[in-house]
Amino acid sequence: MDSSIKRNISPFALMLTGLGSIIGSGWLFGAWKAAKIAGPAAIIAWVIGAVVILAIALTYAELGAMFPESGGMVRYARYSHGSLVGFISAWANWIAIVSVIPIEAEASIQYMSSWPYDWTHALFIHGELTLPGLLLSAVLVVVYFLLNYWGVKLFAQANSAITIFKFLIPGVTILGFVLTSFHTDNFLISETDQFAPYGWSAVLTAVATSGIVFAFNGFQSPVNLAGEARNPDRSVPFAVVGSILIALVIYVLLQIAYIGTINPEDVIKGWDKLNFSSPFAELALVLNLNWLAMLLYVDAFVSPSGTGTTYMATTTRMIYAMERNNTLPKIFSSVHPLYGVPRPAMWFNLIVSFIFLFFFRGWSSLAAVISVATVISYLTGPISLMALRRTSGDIARPLHIPGMSLIAPFAFVCASLILYWAKWPLTGEIILLMVVALPVFFYYQAKANWKGFTKDWRAAWWMVIYLPVMGTISYIGSKPFGGLDYISYGWDMMVVIVISLGFYQWGVSSGWRTAYLDEREQREKISENVDI
């Protein structure tokens, strides 16, 4: 019997797909934003972020090997807990991914604003893109759209060169800064607690909102390709762990280079007073590294555009998959007969990208939204995996990661903590964004006469209650995290840990062998019989 899925991707190639996805626009701004929030202790924030994402990624690696299908990230929770949890998870994942499209465009234009021309300086003023800057960002989003509208092959042909360029420029930047100007005193100055000038709570907030979570988001690529990997039980963990660890080294070195390059006189004024529109390029110009500044300006268009184009394709398939779940209008399943792309879904994503673009007028503000939305989208992974282990032990598992009984709850608790660290009111705003689409879900359930909804609702109670509980804890939590200080600093995180462990146990025990999982198993058997 021949399998319809060819397992021919080597472990090294699989790791490169993850690393290529991780190194995007995040490196252009992440070091500046993290240091602005946490000072030199931002280095620690990158390590914390990598550990958290690594734990979450391992749960999705096993799920990806179990269900090697397109748009799998929006379907796992549906298999383990039914339609309602599946919809919330899919919606959160889509929001986290679709908002990457406008942020990549904003990253390019924001870097462009420091070009040596008066008209470019007018693109980004007082920490926000101006109307001309927004219009140019919108033009870039349209370019991403058109590259997919007539087929993504045009972009794919240049992808290898772009990937090499994306790796080369960060390395050159690190060497250029460290060898030209490096001030070790910036890490520890005199008698003050300069390494963490804004306290350790700021370090945790940096993990949640400075773009660190966003920067590591590309680990999904090897997970999505798990079904096509050679020896997935070994190659997927190697690719996921390897890509995250290599990216961590790159990001930490970039952070060190940024901190060491800043003029000590500017550091004395405060890390939070350092404002750049294009951090590394502006520093390169100050150091008279004009050649490096030119490379950075080019990379500011190449890397984000590559990611934006790819994510335009990814989000289109996600909308298509959500329609296949019977939770969106049928028009989104329409595929162009010649180009083979679901164009109505593309138009929908284009409109949503414009909405994000005009509401969040800069890389920093949108990076915070993406980071928190991403964390919410990852909450169901650990719970879905352990619920499926409990209810569906007969499903083939090409990858079975040892120690998952400890890794999964750790991942869920960490995700909950990051959600809390994001600070009120951002935590509440993103939670509200996660539930705003529920009327659409209930509309389609009503059209289906609520068929099978009773079990789905029972399996969703943990998620339905979890979100407002986390919002409430954020609201009444300690002052360093934006709360009313009814729960003092330190104790607030203990409360989050204890409550999230309770919700984790509830979520795992709520899972059941859903009809959607059985339907998938039947489709697989039919496919295997056809291949024989």
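**Overview**

The model is predicted: local features need pLDDT of at least 70 and side-chain atom pairs count only at pLDDT 80 or more, whereas totals for chains, interfaces and linings use all residues. Residues are numbered from 1 along each chain as its sequence is written, and side-chain values use heavy atoms, with hydrogens and water left out.

Begin with the protein chain in a cartoon view, where the secondary structure comes to 26 helices and two strands. Helices (H or I, at least four residues) and strands (E, at least two) are DSSP runs, numbered from the N terminus. Of the 532 residues in the protein chain, 58% are buried. Here buried means under 20% relative accessible area, exposed means over 50%, and partly exposed lies in between (1.4 Å probe, protein chains only). Among contacts (heavy atoms within 4.5 Å) between residues at least 6 apart in sequence, 82% join residues at least 24 apart.

**The surface**

Switch to a surface view. The protein chain exposes about 20,900 Å², and carbon and sulfur atoms supply 66% of this area. Accessible areas come from the Shrake-Rupley method with a 1.4 Å probe; for residues, only the protein chains shown count as cover.

Select L175, V178, L179 and F182, which form a nonpolar surface patch with about 390 Å² of accessible area together. Patches are made of residues with over 30% relative accessible area and no salt bridge; like charges are joined within 9 Å, and nonpolar side chains (Val, Leu, Ile, Met, Phe, Trp, Tyr) within 5 Å. F182 lies in the loop between α10 (159–180) and α11 (200–209). F182 counts as partly exposed because its relative accessibility is 31%.

Centre the view on I244. Leaving aside neighbours within four places in sequence, I244 is in contact with I22, A50, I53, L54, A57, F216 and F219.

**Salt bridges**

Select the charged side chains. A salt bridge is a side-chain nitrogen of Lys or Arg within 4 Å of a carboxyl oxygen of Asp or Glu, and by this rule the count comes to five.

Show E62 and R389, whose side chains meet in a salt bridge (2.9 Å, N to O). This pair links distant parts of the chain, with E62 in helix α3 (residues 42–66) and R389 in helix α20 (residues 380–391), 327 residues apart. E62 counts as buried at 0% relative accessibility, while R389 counts as partly exposed at 22%.

Move to K269 and D266, which form a salt bridge with the closest N and O atoms 3.8 Å apart. K269 and D266 are separated by about one helical turn, because they are three residues apart in helix α15 (residues 264–269). K269 is exposed, with a relative accessible area of 59%, and D266 is partly exposed, with 30%.

Then select K273 and D272, a salt bridge in which the closest N and O atoms are 3.5 Å apart. K273 is exposed at a relative accessible area of 53%, whereas D272 is partly exposed at 31%.

Now select α22 (residues 426–435), whose buried residues are L426, T427, G428, I430, I431 and M434. The buried residues of α22 pack against α5, α11, α19 (363–378), α21 (404–421) and α24 (453–476).

**Two last stops**

S83 counts as buried because its relative accessibility is 1%. Leaving aside neighbours within four places in sequence, S83 is in contact with R78, F441, Q445, D456 and Y516.

Finish at A313 in helix α17 (residues 290–324). A313 counts as buried at 12% relative accessibility. The C-alpha atoms of A313 and P342 are separated by 9.6 Å, although the two residues are 29 residues apart along the chain.
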